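Work through the exercises below with the sequence and the model side by side. Try each task before reading its solution.

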Amino acid sequence: MGDKARPENDSIQTFLTELASAAPTPGGGGAAAISGAMGAALVSMVCNLTIGKKKYAEVEEELKDVLARSEGLRAGLTGMIAQDVAAFDAVMGAYGLPKGTDEEKEARSKAIQAALKEACDVPLSCCRACRAVIDLAAITADKGNLNVVSDAGVAVLSAYAGLKSAALNVYVNAKGLEDRDFAQERLDELEGILAEAGPLTEKVYEVVKAKVN
Ligand SMILES: Nc1nc(=O)c2c([nH]1)NC[C@@H]1CN(c3ccc(C(=O)N[C@@H](CCC(=O)O)C(=O)O)cc3)C=[N+]21
């Protein structure tokens, strides 16, 4: 964490100020990735507060494995913030290409379509990663240190927010695609992810709520 006494120097503050600005990026796609990354970080936190404790010796090996995976997902999701910025900048750039002649129109349209595909696939990757974070949050809610079980609940909700948010970005970009097979393949995969993740998130939330009440 940067100097908390000087929020203007803090990277969180910098990101949120850029997010708030009228500039097209970072946008909702980047916000989705950071939600997922926060979920992964919280899974890691619960693991780190469970590993090495005598009382939790029985789950130590499993949570070490969860930690390795949550840290991998956190790195991936953090990288997706910049990937989404690049992908959506390319969409905006393509829309900004000249469209005076037929050749220009053709080139612009091709550039838009290529950019929209990438702007679909980055948030779809975000959805997959968030889905994986939800699975790990479920393990930490069941087996992690009871003192921090509420954090496993925050983890699952952050990851689910990331998933549902990234899904909206997939939808909006898929809608603009002329290659309907490409779009449908992504939408089908996405519906599969959402169909499982929604009920699992609710279940984890209820487990956590029962443990803290
Ligand atoms: N993978 C992905 N990531 C996104 O972040 C993403 C996305 N897909 N799909 C669609 C939404 C929408 N969104 C916008 C944000 C700001 C402007 C914006 O600032 N527009 C300016 C124009 C800016 C300019 O022309 O340079 C305006 O309307 O005045 C537009 C659109 C990001 N999204």
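**Exercise 1. The nonpolar core**

Task: Find which residues of the largest nonpolar core touch the most other members.

Solution. 
- Step 1. A nonpolar core is a set of buried Ala, Val, Leu, Ile, Met, Phe, Trp, Tyr and Cys residues joined through side-chain atoms within 4.5 Å. Buried means under 20% relative accessible area, exposed means over 50%, and partly exposed is in between (1.4 Å probe, protein chains only).
- Step 2. The largest nonpolar core has 61 residues, and Val43, Leu77, Cys126, Cys127 and Leu163 touch the most other members.
- Step 3. Assign the core to elements. Two or more residues come from each of α2, α3, α4, α5 and α6 (180-212). The most come from α4, which gives 18 residues. Helices (H or I, at least four residues) and strands (E, at least two) are DSSP runs, numbered from the N terminus.
- Step 4. Leaving out residues up to four places away in sequence, Cys126 touches Ala32, Ala33, Leu77, Met80, Gly162 and Ala166. Contact means heavy atoms within 4.5 Å.

Note on the source: this is a predicted model, in which local features need pLDDT of at least 70, side-chain atom pairs count only at pLDDT 80 or more, and totals for chains, interfaces and linings use all residues. Residues are numbered from 1 along each chain as its sequence is written, and side-chain values use heavy atoms, with hydrogens and water left out.

**Exercise 2. The overall fold**

Task: Describe the protein by its elements, its extent and its surface.

Solution. 
- Step 1. Count the elements. There are six helices and zero strands. The pattern along the sequence is α-α-α-α-α-α.
- Step 2. Take the extent. The C-alpha trace spans about 70 × 45 × 30 Å along its principal axes.
- Step 3. Take the burial. The protein has 213 residues, and 42% of them count as buried.
- Step 4. Take the surface. The accessible surface is about 11,200 Å², and carbon and sulfur atoms hold 57% of it. Accessible areas come from the Shrake-Rupley method with a 1.4 Å probe; for residues, only the protein chains shown count as cover.
- Step 5. Check the sequence range of the contacts. Among contacts with a separation of 6 or more, 77% join residues 24 or more positions apart.

**Exercise 3. The ligand shell**

Solution. 
- Step 1. List the polar contacts. A polar contact is a pair of N or O atoms within 3.5 Å; within protein, one must be able to donate a hydrogen and the other to accept it, and residues adjacent in sequence count only if both atoms are side-chain atoms. A backbone N or O atom of Ala22 is 2.8 Å from a ligand oxygen. For a backbone N or O atom of Gly29, the distance to a ligand oxygen is 3.2 Å. A side-chain N or O atom of Asn173 lies 2.9 Å from a ligand nitrogen.
- Step 2. Take the cover. On its own the ligand has 670 Å² of accessible area, and the protein covers 53% of that.

**Exercise 4. A cis peptide bond**

Task: Where is Pro26, and which residue joins it through a cis peptide bond?

Solution. 
- Step 1. Pro26 is in the loop between α1 (11-20) and α2.
- Step 2. Thr25 is joined to Pro26 by a cis peptide bond, with omega about -5°. Most peptide bonds are trans.
- Step 3. Val85, in helix α3, touches Thr25 and Pro26, not counting residues up to four places away in sequence.
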